Amino acid sequence: MSSSSKTLRKLQVVYPVPADIDVANSVEPFHISEIAAGLDLSPDHYDLYGKYKAKVLLSALDELEGRGDGYYVVVGGITPTPLGEGKSTTTVGLCQALGAFLDKKVVTCVRQPSQGPTFGIKGGAAGGGYSQVIPMDEFNLHLTGDIHAITAANNLLAAAIDTRIFHESAQSDKALFNRLCPLNKEGKRNFGDVMLRRLKKLGISKDKPEDLSPQEVKKFARLDIDPDSITWRRVMDVNDRFLRKISIGQGPEEKGMVRETGFDISVASEIMAVLALTTSLADMRERLGKMVIGNSKAGEPITADDLGVGGALTVLMKDAIHPTLMQTLEGTPVLVHAGPFANIAHGNSSIVADKIALKLVGPGGFVVTEAGFGADIGTEKFMNIKCRYSGLTPQCAVIVATVRALKMHGGGPEVVAGKPLDRAYLSENVALVEAGCVNLARHISNTKAYGVNVVVAVNMFSTDTEAELNAVKKAALSAGAYDAVICTHHAHGGKGAVSLLL
């Protein structure tokens, strides 16, 4: 038996499937320490965040360094409709099938949802039906504060940029230098580590402030940022279209230093990408310091470390680097970290979460990680970016497809979130499905180009007919998929995805 068997639960499914929140609330989650114990995770290697969440510390990776890895599976999808095709649901259902029905050690690795879609029409990203991460409300709202940490760090850097421009416009070289390198209690000046980094970048080998010539003081103290070159914008984690383009510096004390900028959603911040791709706290410190915010008027790139804030950003992110442990409806473990949008970011959960998970499940276990959006975005970014940094290679890729989406790609009417589906999506139309399968075929060929086997998971809806489902299976196999399987995990939990594994 797997060591997690004691925490697995059998679902009492009902039909029709209730609303996601009602399904989630029908189950009392296990205390997260039970989920951790099922993974043989020592209490020394996680911090509790209430009863149902915990931060798994990176020290767990050091502890498990000599242990072999489990099998690595990535889940992507065809080009989705605005309603989503159930990629997260399939990821969770697959893991519930592995853990609750095939008695395998398994960890699900998913991205943390943004609050933007949660408060919009699309809803959250915890999965759906009987294949969900719970508690659903905690998953979708704040979680353990990682996105808030990113927001704070991003906006600290944004403030530092404009403050630096302001002070450089009004002060002499000597006054700037004195602000950057003030006298200590002993009446002396010392360069901090980040200042020494800047001096080295400038080709200045001196390490004592008093040894710098007036020209070197100027070179060190003045970044001379070109306001028109600044690419760093402020962020927040809700949708607010009226902040997409704003002007700043309107206050009387800013002395007319007005410029146009705007807000992005927090998960589009480069700091989110750094979190997802980092491998250690030291590595994160280096990556944060190297982020480029714009150019000097001479065309030289300006980094966060040039502004002297790389260390401060790291301090704000020191807890966010640890993945969050949660659970599925059937009691299998989940690591939530980084993400989520592959269309505006790289859309994958973190390298550290996947690495910790692979060690925790060990040889013979499974880690299923989700890649955002369609396979032509999320899965390719998973392969081209994430795997290149991590050195990990998946043994299999799952592509999620729905009859609904394939009909849309075959020329069906527009699908609009919040509006009833056209009759074309609710009645049989095999020709429309077959026409749309060119999208599925392209995703299969794109993914197979990386040398991995592809399995198509057809996420079944109640309106799908046998003829339509058979058309999808036939097209998938013709396009080179290893297999194509009809899945009902939304309605049946892990039981509905068992056939995907056989």
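Student: How many salt bridges does the rule find across the interface of domain 1 and domain 2?
Tutor: Zero salt bridges are found across that interface, a salt bridge being a side-chain nitrogen of Lys or Arg within 4 Å of a carboxyl oxygen of Asp or Glu. This is a predicted model, in which local features need pLDDT of at least 70 and side-chain atom pairs pLDDT 80 or more, while totals for chains, interfaces and linings use all residues. Residues are numbered from 1 along each chain as its sequence is written, and side-chain values use heavy atoms, without hydrogens and water.

Student: Where are the two domains?
Tutor: Domain 1 covers 20–141 + 324–500 and domain 2 covers 147–317, with bounds from an automatic or database domain assignment.

Student: And what area is buried between domain 1 and domain 2?
Tutor: About 1500 Å² is buried, 66% of it given by carbon and sulfur atoms; buried area is the accessible area (1.4 Å probe) that two parts lose on being put together, summed over both. Gln115, His346 and Tyr389 supply 25% of what domain 1 buries against domain 2, more than any other three residues.

Student: How many residues are in contact there?
Tutor: In domain 1, 23 residues are in contact with 18 residues of domain 2, where contact means heavy atoms within 4.5 Å.

Student: Switching topic, how many aromatic pairs are there in the whole structure?
Tutor: The search finds five aromatic pairs, counting rings of Phe, Tyr and Trp (its six-membered ring) with centres within 6.5 Å, and calling planes under 30 degrees apart stacked, over 60 edge-to-face and the rest tilted.

Student: Why is Phe177 with Phe220 edge-to-face?
Tutor: Their ring centres are 5.8 Å apart and their planes stand at 70°, so the pair is edge-to-face.
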